[in-house]
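Look at the model below. How do charged and aromatic side chains pair up in it, and where do they sit?

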Amino acid sequence: MTDVFEPSSGDGPAADDPGRAAEVRTAFEGLLQIRRLSHPGAPDPGAVPAPWETHRMARAVALALEAAGIPPSAAAADGTRTATGYRVRDGERPRTVRVEWLGPHGSGAAHEEDARLKECAAALTRLGWEALLYRGPRNRRFLEVEPGV
């Protein structure tokens, strides 16, 4: 049985596989090919999310961030953060995804979240996602991401 590639959501263990970068690159190239086939007449079909992505938004956004070279967070089995980076999960509203910048206690993730979330937003915007920066509980920032128009 073959393992299925899963982009890092930032909630699992750290990906220490040396072949991970190649897997991400291959998956992202496949995603761009799906976009080209889904939007053959678009001026830049790579800048429009495909229907596949809008049905699996958290997965598509996580792949876009990982392919952009932005590090994912990681968590131990008990939920303790072990690495600083993005975390992607389903949003509170339908057809939205929430992106947060998290890290281990004392890592300084809260101090870098504004700049790093803006980096995430820029990477997602280039790919046709709309990413809005909000301030949530305890003044922590997060992105709300949805398909662009």
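Glu-6 and Arg-59 join their side chains in a salt bridge, with 3.3 Å from N to O. A salt bridge here is a side-chain nitrogen of Lys or Arg within 4 Å of a carboxyl oxygen of Asp or Glu. Side chains of opposite charge can pair when their charged atoms come close. Glu-6 belongs to the segment before α1, and Arg-59 to helix α3 (residues 57-67), so this pair ties together parts that are 53 residues apart in sequence. Helices (H or I, at least four residues) and strands (E, at least two) are DSSP runs, numbered from the N terminus.

This is a predicted model: local features need pLDDT of at least 70, side-chain atom pairs count only at pLDDT 80 or more, and totals for chains, interfaces and linings use all residues. Residues are numbered from 1 along each chain as its sequence is written, and side-chain values use heavy atoms, with hydrogens and water left out.

**Salt bridges**

How many salt bridges does a search of the whole structure find? The count is 15. Asp-114 pairs with Lys-118. Glu-119 pairs with Arg-116. Elsewhere, salt bridges with shared partners link Asp-11, Arg-81, Arg-87, Arg-89, Glu-92, Arg-98 and Glu-100 into one network.

| Salt bridge | Closest N and O atoms |
|---|---|
| Asp-114 and Lys-118 | 3.2 Å |
| Glu-119 and Arg-116 | 2.8 Å |

How open are these partners? Buried means under 20% relative accessible area, exposed means over 50%, and partly exposed is in between (1.4 Å probe, protein chains only). Glu-6 is partly exposed at 46%. Arg-59 is partly exposed too, at 27%. Lys-118 is partly exposed at 47%. Glu-119, at 33%, is partly exposed. Arg-116 is partly exposed at 23%.

**A patch of negative charge**

Which residues gather in a patch of negative charge on the surface? They are Asp-3, Asp-16, Asp-17 and Glu-23. A patch is made of residues with over 30% relative accessible area and no salt bridge; like charges are joined within 9 Å, and nonpolar side chains (Val, Leu, Ile, Met, Phe, Trp, Tyr) within 5 Å. Asp and Glu count as negative, Lys and Arg as positive; His and the chain ends are not counted. Glu-23 sits in helix α1 (residues 20-38). Glu-23 is partly exposed because its relative accessibility is 37%.

**An aromatic pair**

One aromatic pair turns up in a search of the whole structure. Tyr-134 and Phe-142 form this stacked pair, 5.7 Å centre to centre with 25 degrees between the planes. Rings of Phe, Tyr and Trp (its six-membered ring) pair if their centres lie within 6.5 Å; planes under 30 degrees apart count as stacked, over 60 as edge-to-face and the rest as tilted. Tyr-134 is partly exposed at 34%, whereas Phe-142 is buried at 12%.

**The loop between β5 and β6**

Arg-138 lies in the loop between β5 (129-135) and β6 (141-147). Arg-138 has a positive phi of about 60 degrees, although it is not a glycine. Arg-138 is exposed, with 76% relative accessible area. Asn-139 is in the loop between β5 and β6. Asn-139 also has a positive phi, near 60 degrees, in a residue other than glycine. Asn-139 is exposed at 51%.

Note on methods. Areas by Shrake-Rupley, 256 points an atom, 1.4 Å probe, with all protein chains shown as cover. Charge placed at Lys NZ, Arg CZ, Asp CG, Glu CD.
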